[in-house]
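Colleague: I would like to go through this model feature by feature. Please give the general idea each time, then the case at hand.

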Amino acid sequence: MNTSIEIPIDQLRVGMFIQLDLNWMQHPFPLGSFRIASQEQIDTVRSLGLPTVRYLPARSDPEFHRSSTEPVRSDDRTQAGTEEAQHNVRDEAAEQLKLQLLAQHAALSACDQQFLAATRTCLRVGSVADKQPLDARAQSEALVGRCVDGLLVNGDSVIRLLSEGVGERNALHPVNVMVLSLLLGKAQGAGPGDLRAIGLVALLHDIGKSRMPPHQWVRTKDMALGDLLGYQKHVGYSIDIGRRMELPAAVLDGIAQHHEMVDGSGFPMGLRGEAIGNAGRIVGLVNYYDRLCNPVHGVEALTPHEALSVIFAKCKTQFDSQVLGVFIRMMGVYPPGSVVQLVNDRYAIVVSVNSSRPLRPRVIVHDPAIPKEQALILDLETVPELGIRRSLKPTQLPREALDYLSPRKRICYFFERAVDAQGMKATP
């Protein structure tokens with residue numbers, strides 16, 4: 001049971017799980033309820049000017065698992081501080097939160113704008129590739145080069161979920177595949193030259209679809225045989241356009257192989273194992289993942305967590321085991337866009353994952369007491385007791401949590417520097 005007991009402020013001890021009866025802007029903590037981990041936290045709570053707080057024995061350390069009916073000792077000593085000190089603490093906390101919200105929104109906006117610019121470049125490339133292939137190559141290389149340079153400068157990068165509806169719709173897939181393929185290549189340890197080749201393969205892998213009718217662009221379960229054969233021709237068209245763009249041989253090979261599978265079940269050549277180059281393996285896996293998350297019919301979409309689970313459970317023989325292992329570690333068990341339930345039963349959406357710490361993503365937590373516009377990103381690495389219990393489909397969320405978290409209908413990613421994506425640095 002989560003019964004709470006009201007106790008005097010001077011009885012606070014490390015290990016107690018407490019709940020503050022204050023709103024979001026009146027205290028400096030990421031959540032209003034938490035387990036006290038340090039004397040510093042006790043001092044901060046006392047500075048808020050509360051004569052009493054509520055603590056939850058069942059969620060506290062074992063030595064505090066007292067009955068809710070057991071009398072609480074009190075010597076009537078409180079440490080409220082002066083009213084001026086209380087105002088100072090609250091003003092400082094409010095200012096800190098405002099600055100964090102501004103930084104949070106600025107970071108997301110920067111990622112959104114970079115992704116938008118990339119999709120617009122991708123559309124321009126597609127529109128001129130047949131008639132002005134060398135111009136298309138120059139634009140493609142410039143875009144990929146900027147992304148590679150950004151990744152290499154960043155050092156440790158965070159995979160960031162973007163805003164709903166960002167980017168030009170017809171270019172979301174190739175840019176999404178480019179971003180994740182570059183991140184995967186970097187996670188493998190690829191150098192600048194190899195990353196540029198991987199990025200070009202990813203950006204241009206479907207360029208040949210510009211020669212095809214739109215209804216053949218995406219393979220569907222009920223596709224007629226004629227349309228399926230037409231769909232498969234996009235690989236050959238892409239290679240032909242790539243040759244006219246005078247792309248390097250390694251890039252052309254990657255484009256040719258992005259539908260090959262290591263078990264030989266792919267097309268157009270049915271290549272196996274080592275016959276498929278690294279760029280083809282990377283882009284093939286990322287392309288498959290993105291199609292699971294963002295199918296042509298949205299009702300068939302899998303959550304990012306489900307997509308990874310399906311690939312690992314049902315399709316792992318089709319992909320290179322080393323590449324798949326790195327991809328899963330990079331994306332984390334709960335990739336950005338996953339809807340989850342925390343161990344305290346709160347609902348949350350994963351918004352970013354640091355590839356070096358994939359098991360502790362950053363989330364936005366549904367909290368009815370906090371307006372959704374003021375919701376801060378919570379770094380689960382800093383709050384060990386708030387682990388993830390399970391992944392959910394958006395349809396499993398209560399209506400209030402669904403409206404608050406607004407799970408994306410299309411999953412789009414970009415990367416940002418890890419030190420700029422810490423969100424709210426909480427202490428447990």
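Modeller: What covers the buried residues of helix 8 includes helix 5 (192-204), helix 7 (234-244) and helix 9 (278-293). Contact here means heavy atoms within 4.5 Å, and helices (H or I, at least four residues) and strands (E, at least two) are DSSP runs numbered from the N terminus. This is a predicted model, in which local features need pLDDT of at least 70 and side-chain atom pairs count only at pLDDT 80 or more, while totals for chains, interfaces and linings use all residues. Residues are numbered from 1 along each chain as its sequence is written, and side-chain values use heavy atoms, with hydrogens and water left out.

Colleague: Which residues of helix 8 are buried?

Modeller: Buried means under 20% relative accessible area, exposed over 50%, and partly exposed in between (1.4 Å probe, protein chains only). In helix 8, residues 249-257, the buried ones are Val251, Leu252, Gly254, Ile255 and Gln257.

Colleague: How many disulfides does the structure hold?

Modeller: A disulfide is a pair of cysteine sulfur atoms within 2.5 Å. The structure holds 0 of them.

Colleague: How should I read the salt bridges?

Modeller: Side chains of opposite charge can pair when their charged atoms come close. The criterion is a side-chain nitrogen of Lys or Arg within 4 Å of a carboxyl oxygen of Asp or Glu. The structure holds 17 salt bridges. One of them joins Asp206 to Lys209, with the closest N and O atoms 3.4 Å apart; both residues are buried.

Colleague: Where do Arg281 and Asp320 lie?

Modeller: Their side chains meet in a salt bridge at 2.5 Å, N to O. Arg281 is in helix 9 and Asp320 in the loop between helix 10 (304-314) and helix 11 (321-331), so the pair ties together parts that are 39 residues apart in sequence. Arg281 is buried at 14% relative accessible area, and Asp320 is buried at 16%.

Lys393 and Glu306 also form a salt bridge, 2.8 Å from N to O. Lys393 sits in the loop between strand 10 (388-392) and helix 12 (399-405), and Glu306 in helix 10, so this pair ties together parts that are 87 residues apart in sequence. Lys393 is partly exposed, with a relative accessible area of 34%.

Colleague: Which residues are linked in a network of salt bridges?

Modeller: Asp130, Arg211, Asp240 and Arg244.

Colleague: And the pockets?

Modeller: On a 1 Å grid over the protein atoms alone, a pocket is an open set of points with protein on both sides within 12 Å along at least five of seven lines, and lining residues have an atom within 4 Å of a point. Grid points are joined across faces, edges and corners, and a volume is the space filled by probe spheres (1.4 Å) set on the points.

The largest pocket has a volume of about 760 Å³. Its lining has 27 residues, with Arg169, Asn170, Ala171, Pro174 and Trp217 nearest the centre. Helix 2 (83-128), helix 4 (172-188) and helix 5 each give two or more residues to this lining, and helix 2 has the largest share, 5 residues.

Colleague: What is the second largest pocket like?

Modeller: The second largest pocket holds about 570 Å³ of space. Of its 21 lining residues, Val218, Arg219, Tyr288, Arg291 and Leu292 are the closest to its centre. Helix 9 gives the most to the lining, 5 residues.
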